[in-house]
Amino acid sequence: MTATASLADRVVAGEQAAIARLLTRIERRSPGVDEVISALVRRAGRAHVVGVTGPPGGGKSTLVSALAAQYRRAGRTVGIIAVDPSSVLSGGAILGDRIRMSALAGDAGVFIRSIATRGAPGGLPRAALDAVTTLDAAGKDVVVLETVGVGQAEVDVITAAQTVAVVSVPGMGDAVQASKAGLLEVADVHVVNKSDRDGAARTVAELTDMLRLAPPAPGQWQVPVVSTVAATGEGVGDLIERFDGHRAWLADSGEGQRRARRTTAARIRWIAEQLVADRLRAGHPDFDRAVDEVTERGGDPVAAARRLVQRGLGAGAEDAAAGSDPPDSDPAGSDPEGSARR
Amino acid sequence: MSAPGADTEPIRVMLAKIGLDGHDRGVRVVARALRDAGMEVIYSGLHRSPEQVVESAVQEDVDVLGVSLLSGAHLPIFSRIFEVVAQLPEPPRFAIVAGGVMPDEDCEALRRMGVAEVLGQDTTPEVIVATVRGLAREASARL
Ligand SMILES: Nc1nc2c(ncn2[C@@H]2O[C@H](COP(=O)(O)OP(=O)(O)O)[C@@H](O)[C@H]2O)c(=O)[nH]1
Ligand SMILES: [Mg+2]
């Protein structure tokens, strides 16, 4: 417990090695990591969390680097989490985002971490959210989450962000645009990067036309289309103004509260799922006993499953009592049978 | 708790090029071999400084930092790396490996500085993978 407290304290103090170590434990889901995150959640919530997503090669890492440099000039500290895909064949990965961010090196106000998409299904969004919480609690004013916009897991990752920028580049065909349909819906800001290239105006026009199909209701956010040349920093100041405008709108409209609530719901659900899943593994004594009982003594599998889940929830409540606020009656946290109510 | 087997955790390796030497074909081949062995490889890009590389390796919390040099300037560069490492608030857990072309007598000097392994240019991918695995196991124990 002291070790836990001290790691959290060191993270809050902004110690690089402590932040790095906690991020490793988050990725590995090491024992005790939930308690550290619980301690940090209460000290987080100040940072503006910006998601940057889009196709590979669109210039996201270059843009993130330019954004961070601009934030730094304005005196704001920056944490960056750059997610790159793991190889499906070997599980390994080559994480190259840092190459584009070398201009930020040597600045203690910037912390960059590369994360691969590996891990258990559903594990990446949770790791990304915990990583965001870590950098937020470490005092970063802005946390930028870069992720490749392909696949559901990547789209889920981006929901950890308050403001989502979707990057396009000139000359992408309609087919590509369509395949990004899932991403276009999550965009709070559209970025047309590589605007130094032919066709940039046309891409801006296409996106603007598409947005016009679903105009915002009064008081709703008007999604802007911003042109940038990440490689030179052109348009990046304008982009930050849009991000800040979106953040102000989130606060004023109440949408920020709704998004925070959605994030909390996901966090509670992930923790609860793991508390239960931990006992549903061969090797856990209660689980093995239940399997024995049903296989060898003709026990009732449904009753055995209920008992396991109830016992898991009981143990979880005790474990969690030390570290987190009592769950309220958030509908997203309840399960279909209501068996979580005790 | 539920750690899905500590030795199934992907090993994290940083591969770095320092100084003027602008050849990264060899490093790219090594990066692919390590990735194909299931490791996560963070590549620094060319022309980094010792300060930048150590800072990156700390932030990425890698198990192994591999520095590849073809420029012949390995002795001053590695001694600078270890100076920077010595100035960190706490000793890092990563092992430092030297790769590239260097004469035998320099290998001895590098080891004395604290380089864990020297892998010459003809080292096979199999040997590189096995070496990194061994060093990463020790680095993980320091986690
Ligand atoms: N012409 C042009 N090239 C760019 C621009 N931004 C990035 N690039 C280049 O696009 C390539 C991919 O950039 P990167 O940031 O790695 O893209 P990511 O895969 O989306 O992170 C690199 O060669 C960059 O130098 C830009 O605004 N204009
Ligand atoms: Mg990238």
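Me: How do the residues lining the second largest cavity divide into nonpolar, polar and charged?
Reply: In this predicted model, the lining of the second largest cavity divides into one nonpolar residue, one polar residue and five charged residues.

Me: Which residues are they?
Reply: The second largest cavity is lined by Thr24(A), Glu27(A), Arg28(A) and Arg118(A) from chain A, together with Glu9(B), Pro10(B) and Arg12(B) from chain B. Helix 2 of chain A, residues 16–28, gives the largest share of that lining, with three residues.

Me: And what volume does it have?
Reply: The volume of the second largest cavity is about 30 Å³.

Me: Which residue does Arg12(B) form a salt bridge with?
Reply: Arg12(B) pairs with Glu27(A) in a salt bridge whose closest N and O atoms are 3.5 Å apart, and both of these residues are also named in the lining of the second largest cavity. Side chains of opposite charge can pair when their charged atoms come close.

Me: How many salt bridges are there between chain B and chain A?
Reply: The count between chain B and chain A is six salt bridges. For residue pairs in polar contact between chain B and chain A, with both residues at pLDDT 80 or more, the count is 20.

Me: Which elements of chain B supply the side that touches chain A?
Reply: Helix 1 (25–36), strand 2 (40–43) and helix 2 of chain B each supply at least two residues of the side that touches chain A, and helix 2 of chain B gives the most, with six residues. By class, that side of chain B has 10 nonpolar, eight polar and 14 charged residues.

Me: What area do the two chains bury, and how many residues are in contact?
Reply: Chain B and chain A bury about 2,900 Å² between them, with 47% of it on carbon and sulfur atoms. In terms of residues, 32 of chain B are in contact with 34 of chain A.

Me: Back to cavities, how many are there of 30 Å³ or more?
Reply: The count comes to two cavities of 30 Å³ or more, and the largest cavity has a volume of about 150 Å³. It is lined by 17 residues, of which Arg98(A), Met101(A), Ser102(A), Ala105(A) and Ser56(B) are the closest to its centre.

Me: What gives the largest share of that lining?
Reply: Helix 2 of chain B gives the largest share of the lining of the largest cavity, with five residues. Strand 4 (110–116) of chain A and helix 2 (50–60) of chain B each supply at least two residues of this lining, and by class the lining has seven nonpolar, six polar and four charged residues.

Me: Changing topic, how many salt bridges are there over all chains?
Reply: Over all chains the count comes to 34 salt bridges. One of the pairs within chain A joins the side chains of Asp130(A) and Arg29(A), at 3.1 Å from N to O. That pair links distant parts of the chain, 101 residues apart, with Asp130(A) in helix 5 (residues 123–137) of chain A and Arg29(A) in the loop between helix 2 and helix 3 (33–41) of chain A.

Me: Last one, where is Val204(A), and what does it touch?
Reply: Val204(A) is in helix 9 of chain A, residues 200–212. Leaving aside residues up to four places away in sequence, Val204(A) touches Val192(A), Val225(A) and Ser227(A). The C-alpha atoms of Val204(A) and Ser227(A) are separated by 7.6 Å, although these residues are 23 residues apart along the chain.

Terms used: Residues are numbered from 1 along each chain as its sequence is written. Chains are lettered from A and ligands numbered from 1 in the order in which they are written. This is a predicted model: local features need pLDDT of at least 70, side-chain atom pairs count only at pLDDT 80 or more; totals for chains, interfaces and linings use all residues. Side-chain values use heavy atoms; hydrogens and water are left out. On a 1 Å grid over the protein atoms alone, a cavity is a set of points where a 1.4 Å probe fits but cannot get out, and a pocket is an open set with protein on both sides within 12 Å along at least five of seven lines; lining residues have an atom within 4 Å of a point. Grid points are joined across faces, edges and corners, and a volume is the space filled by probe spheres set on the points. Helices (H or I, at least four residues) and strands (E, at least two) are DSSP runs, numbered from the N terminus. Ala, Val, Leu, Ile, Met, Phe, Trp, Tyr, Cys and Pro count as nonpolar, Asp, Glu, Lys and Arg as charged, and the others, Gly among them, as polar. Contact means heavy atoms within 4.5 Å. Buried area is the accessible area (1.4 Å probe) that two parts lose on being put together, summed over both. A salt bridge is a side-chain nitrogen of Lys or Arg within 4 Å of a carboxyl oxygen of Asp or Glu. A polar contact is a pair of N or O atoms within 3.5 Å; within protein, one must be able to donate a hydrogen and the other to accept it, and residues adjacent in sequence count only if both atoms are side-chain atoms.
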